[in-house]
Amino acid sequence: MAKPKKEEFPRKGTEAVRFIEKNAEVAQKRQEGSHVFMRVKGPKGETVVVVNVHVNREMSTGVWHKVRKQLIQIGVLPVIALVLIVAA
């Protein structure tokens with residue numbers, strides 16, 4: 001029997017914003033052009049996360065990893081997720 005698939009961090013900017021709002025406490029949110037700035041609070045602290053939001057485009061790999069790393073540092077995403085990405 002297959003294990004249920006865990007919800008993964010999305011690659012598209014609009015989906016990433018929704019994921020962050022659903023899984024963390026967002027204190028402030030503003031947008032300048034295609035960049036969404038969110039002050040995200042997690043169990044281990046808070047940080048400002050900047051997500052590029054372009055219609056029908058995925059975030060670049062570097063931006064995607066940076067946002068994931070920020071969310072892992074404040075405890076919104078589990079640490080094991082970073083290990084799986086590096087090994088893949």
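Phe9, Phe19 and Trp64 are linked into a cluster by ring pairs. The model is a predicted one.

**The aromatic cluster**

- The number of aromatic pairs comes to two. The ring centres of Phe9 and Phe19 lie 5.4 Å apart with planes at 80°, so this pair is edge-to-face.
- Phe19 belongs to helix α1, while Phe9 belongs to the segment before α1 (13-23), so the pair ties together parts that are ten residues apart in sequence.
- Phe9 has a relative accessible area of 5% and is buried. Phe19 also counts as buried, at 8% relative accessibility.
- For Phe9 and Trp64, the ring centres are 6.4 Å apart and the planes stand at 35°, so the pair is tilted.
- Because Phe9 lies in the segment before α1 and Trp64 in helix α2, this pair ties together parts that are 55 residues apart in sequence.
- Both Phe9 and Trp64 are buried.

**Charges over rings**

- Arg68 lies over the face of Trp64, at 5.2 Å from the ring centre.
- Arg30 lies over the face of Phe37, at 4.3 Å from the ring centre.

**The strands**

- Strand β1 (residues 25-32) pairs with strand β2 (residues 35-42) in the antiparallel sense, over seven bridges.
- Across this pairing, Glu25 stands opposite Lys41 in β2, and Gln28 has Arg39 in β2 as its bridge partner.
- A hairpin with two residues between the strands is formed by β1 and β2, and Gly33 in the turn has a positive phi of about 65°.
- Strand β3 (residues 45-52) pairs with β2 in the antiparallel sense, over eight bridges. β2 and β3 also form a hairpin, with two residues between them.

**Asn52 and its surroundings**

- Asn52 is placed in strand β3, and His35 stands opposite Asn52.
- The side chains of Asn52 and His35 are joined by a polar contact of 2.9 Å.
- Beyond its neighbours within four places in sequence, Asn52 is in contact with Gly13, Ser34, His35, Met59 and Val63.

**Helix α2**

- Helix α2 (residues 61-73) has 13 residues, which at 1.5 Å a residue should span 18 Å; the end C-alpha atoms are 18 Å apart, which agrees.
- The buried residues of α2 are Trp64, Val67, Arg68, Gln70, Leu71 and Ile72.

Notes. Residues are numbered from 1 along each chain as its sequence is written. This is a predicted model: local features need pLDDT of at least 70, side-chain atom pairs count only at pLDDT 80 or more; totals for chains, interfaces and linings use all residues. Side-chain values use heavy atoms; hydrogens and water are left out. Two strands pair if DSSP finds at least two bridges between them. Helices (H or I, at least four residues) and strands (E, at least two) are DSSP runs, numbered from the N terminus. A polar contact is a pair of N or O atoms within 3.5 Å; within protein, one must be able to donate a hydrogen and the other to accept it, and residues adjacent in sequence count only if both atoms are side-chain atoms. Contact means heavy atoms within 4.5 Å. The expected span of a helix is 1.5 Å times one less than its number of residues. Buried means under 20% relative accessible area, exposed over 50%, partly exposed in between (1.4 Å probe, protein chains only). Rings of Phe, Tyr and Trp (its six-membered ring) pair if their centres lie within 6.5 Å; planes under 30 degrees apart count as stacked, over 60 as edge-to-face and the rest as tilted. A charge sits over a ring if NZ of Lys or CZ of Arg is within 6 Å of the ring centre and within 35 degrees of the ring normal.
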